[in-house]
Amino acid sequence: MNFSKWVSLIFILNLFCPTLSFSDSSSSSSSSSSNGLTEIPKRFLQFAKRPELFDWMVGIRRKIHENPELGYEEFETSKLIRTELDKMGITYKYPVAVTGVIGSIGTGGPPFVAIRADMDALPMQEMVEWEHKSKIPGKMHACGHDAHVAMLLGAAKILQEHREEIKGTILLVFQPAEEGGGGALKLIDEGVLENVNAIFGLHVSANLAVGEVHSKAGPIGAGNGFFEAVISGKGGHAAIPQHSVDPILAASNVIVSLQHLVSREADPLDPQVVTVAKFQGGGAFNVIPDSVTIGGTFRAFSKESFMQLRYRIEEVIRGQAAVQRCNATVDFFTEAKLFYPPTINHKGLHEHFLNVAGDMIGIHKVKDVKPLMGSEDFAFYQEVIPGYFFLIGMQNVTRGRLESEHSPHYQVNEDAFPYGAALHASLAARYLLEYQPEVSFSERKFHDEL
Ligand SMILES: *[C@@H]1O[C@H](CO)[C@@H](O)[C@H](O)[C@H]1NC(C)=O
Ligand SMILES: *[C@@H]1O[C@H](CO)[C@@H](O)[C@H](O)[C@H]1NC(C)=O
Ligand SMILES: [Zn+2]
Ligand SMILES: [Zn+2]
C-alpha cells in the first residue's frame with residue numbers, strides 16, 4: 001500500500017467507525033457510586049490475586065517465554081491461546097492477520113470494547129540463566145509480550161467468570177507482530193475494529209514500581225518513521241574529481257542539511273528527532289563511487305510535525321543532492337509498514353482510566369507518565385477509534401533492578417500480573433456499564449482526535 005492510500009484508508013475507517021460521545025466525567029462517576037461500579041476494580045483485583053489464577057497466568061507466561069516466536073510466526077503462541085479460550089468456553093475468530101486471535105465475551109451485541117495484547121518476540125539471544133529460559137537460539141521475549149498474553153488471558157478468565165455483569169461485548173485482541181511488523185494495521189485492515197467503540201492496551205515497565213500504573217492524556221509515544229536515500233553521482237578516479245560527480249560529498253551535505261530540520265525549523269517545545277544512522281558508499285581510497293546510500297529515523301509527537309518532517313526530509317535530500325549535481329531517490333518503507341504514528345491517548349478514556357485504576361489501587365499509585373521518543377503500533381488503533389495505552393510497573397526494589405526492554409538480560413516480575421489482568425478486565429467491563437449508547441446514531445460524534 002502506498003502512503004496516500006494508507007492515509008485515505010484511515011480516513012475511511014474514521015467515517016465508518018462512529019464512536020460514542022463521552023458524557024462529561026463528573027456525571028459518569030457520580031452515577032457509578034450508586035450502583036456498585038466502584039467496587040468492580042477491587043473485586044477483580046482480588047479475583048486475579050487468587051493463587052489458582054495467578055499460578056495459571058505465570059505458567060502460561062513461562063511456556064510462551066520458552067518458545068518465543070517472531071512477528072507473524074506466533075503459531076504455537078496462538079494455538080496455546082485458543083486452547084485456553086476453548087477451555088474457558090470463550091468463542092473467538094481465527095486466523096486474523098495470520099496468527100491473530102479475537103476472543104469475544106458478553107452479549108455479542110453493542111457496545112463493543114476491545115482489550116489488546118501483542119504476542120511477538122525479538123530476534124535476540126536470551127542471556128538470563130533460569131529454568132524457563134528461551135529454548136530457541138536467537139529468539140527471546142525481551143519486551144514482555146509473553147506477560148501481555150498471560151495477563152489478557154487472565155482478564156478473559158475474570159470476565160468470563162463475571163459474564164452476567166457485562167453489558168455489551170468485550171473483544172480480546174491477541175495481536176501479532178508489534179515489533180516492526182505493524183500487526184495492528186493488519187488487524188484494522190481485516191475489519192477487527194468495525195463497530196468497536198474504544199480499545200485499551202498496556203505495556204509492562206521495568207522502571208516503574210510494581211502496583212503502580214503510569215499514563216496520561218494526549219501524546220505518550222512518538223510517531224516513528226524510517227527513511228533511506230540513494231544519492232547517485234558519477235564515479236571515477238579520486239585524483240581527477242572534475243570528471244566525476246561526487247556522491248560522498250553530496251551525501252555529507254545532505255546529512256548536515258537534515259540536521260537543520262529540528263534545530264532551525266521545528267518548535268523547540270515540540271520534541272522531534274532526525275537521525276542519520278546509516279551511511280554506505282565507496283570501497284577504495286582512490287575511487288569516487290557511483291552512489292551512496294544513507295538512512296535513518298525520524299520521530300515526532302504529533303501527526304502534523306511528523307508529516308512535516310517526512311515532507312522536508314525528502315525535499316532536503318533531493319534539493320541538496322541536486323545542488324551537488326547528484327540525483328536522489330527516497331524511500332519511507334510505507335509498504336513494509338515501518339511507519340508508526342504517535343501514540344495519542346484519548347482524553348475521555350484517560351478520565352475513565354483514572355477512575356478505574358484509582359478505585360483499584362488508590363489514585364496515589366496512578367501517576368503521570370513522561371512521554372518517550374519510542375513508538376508502539378497500538379497507535380494505529382488510536383488513529384481509527386478512541387484508544388488508551390498505559391504502563392504497569394514491575395520493579396520491586398527489594399529484589400534489585402530490572403533491565404529495560406530489549407536487553408538480553410531482560411526479566412519480568414510476574415507479581416505485576418494480577419494488576420494487568422484486573423485492569424484490562426475492569427477498564428472494559430466498566431466502560432460498557434458507564435458508556436451505554438443512549439444517544440441515537442445521528443447524535444454520535446465522529447472521532448476527530450488527530
Ligand atoms: C540525473 O537524472 C537526470 C534525468 O534522468 C539525468 O539526465 C542525469 O544524468 C542524472 N544525473 C546523475 C548524476 O545521475
Ligand atoms: C517485593 O519482593 C519481596 C521479596 O520477594 C516480597 O516480599 C514483596 O511482597 C514484594 N513487593 C511487592 C509490592 O510485590
Ligand atoms: Zn519492544
Ligand atoms: Zn513491547
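Guide: Ligand 2 is surrounded by V210, G211, N396, T398, R399 and D415. Keep in mind that this is a predicted model.

Visitor: How does the shell around ligand 2 split by class?

Guide: The shell around ligand 2 holds one nonpolar residue, three polar ones and two charged ones.

Visitor: And which residues are around ligand 1?

Guide: Ligand 1 has S232, G233, K234, V245, C326 and N327 around it. By class, that shell has two nonpolar, three polar and one charged residues.

Visitor: Switching to helices. At what angle do α6 and α12 cross?

Guide: Roughly 50 degrees, with the axes coming within 8 Å. Helix α6 covers residues 145–161 and helix α12 covers residues 417–434. The angle is why α6 counts as oblique to α12.

Visitor: Is the crossing of α6 and α12 left-handed or right-handed?

Guide: Right-handed.

Visitor: Which residues of α6 and α12 meet there?

Guide: From α6 they are A147, A150, M151, L152, G154, A155, I158 and L159. From α12 they are F417, G420, A421, A422, H424, A425 and A429. By class, the contact of α6 with α12 has twelve nonpolar residues, three polar and no charged.

Visitor: What about α4 against α12, at what angle do they cross?

Guide: Helix α4, residues 51–66, crosses α12 at roughly 100 degrees, and the two axes come within 10 Å. That makes α4 roughly perpendicular to α12.

Visitor: In what sense do β6 and β16 pair, parallel or antiparallel?

Guide: Strand β6, residues 213–215, and β16 pair in the parallel sense, over three bridges. V213 stands opposite V366 in β16.

Visitor: How many bridges are there between β8 and β12?

Guide: Ten, in the antiparallel sense, with β8 at residues 223–232 and β12 at residues 291–300. One landmark is G225, whose bridge partner in β12 is F298.

Visitor: And how many bridges join β10 to β12?

Guide: Eight, and β10 (residues 272–280) runs antiparallel to β12. There Q280 has T293 of β12 as its bridge partner.

Visitor: Backbone next. Is the peptide bond from Y94 to P95 cis or trans?

Guide: Cis, with omega near -5 degrees. P95 is placed in strand β1. Another cis peptide bond joins P110 and P111, with omega about -10 degrees. P111 is in the loop between β2 and β3.

Visitor: Why flag those at all?

Guide: Because most peptide bonds are trans, and most residues other than glycine have a negative phi.

Visitor: What is the phi of Y72?

Guide: Y72 has a positive phi, about 65 degrees, and is not a glycine. Its place is the loop between α4 and α5 (75–88).

Visitor: Last one. How do α3 and α10 cross, and at what angle?

Guide: Helix α3 (residues 40–49) and helix α10 (residues 347–361) cross at roughly 55 degrees, their axes coming within 7 Å. That makes α3 oblique to α10, and the crossing of the two is right-handed. P41, K42 and L45 of α3 make the contact with V356, D359 and M360 of α10. By class, the contact of α3 with α10 has four nonpolar residues, no polar and two charged.

Conventions: Residues numbered from 1 in each chain as written. Chains lettered and ligands numbered in written order. Predicted model: local features only at pLDDT ≥ 70, side-chain atom pairs only at ≥ 80, totals over all residues. Axes fitted to C-alpha atoms, helices over the stretch in contact; angles between N-to-C directions. Helix = DSSP H or I, 4+ residues; strand = E, 2+ residues; numbered from the N terminus. Parallel < 35°, antiparallel > 145°, perpendicular 65-115°, else oblique. Left-handed = near helix turned anticlockwise from the far one by under 90°. Contact = placed C-beta atoms within 7 Å. Nonpolar A, V, L, I, M, F, W, Y, C, P; charged D, E, K, R; others polar. Pairing = 2+ DSSP bridges. Near = placed C-beta within 6 Å.
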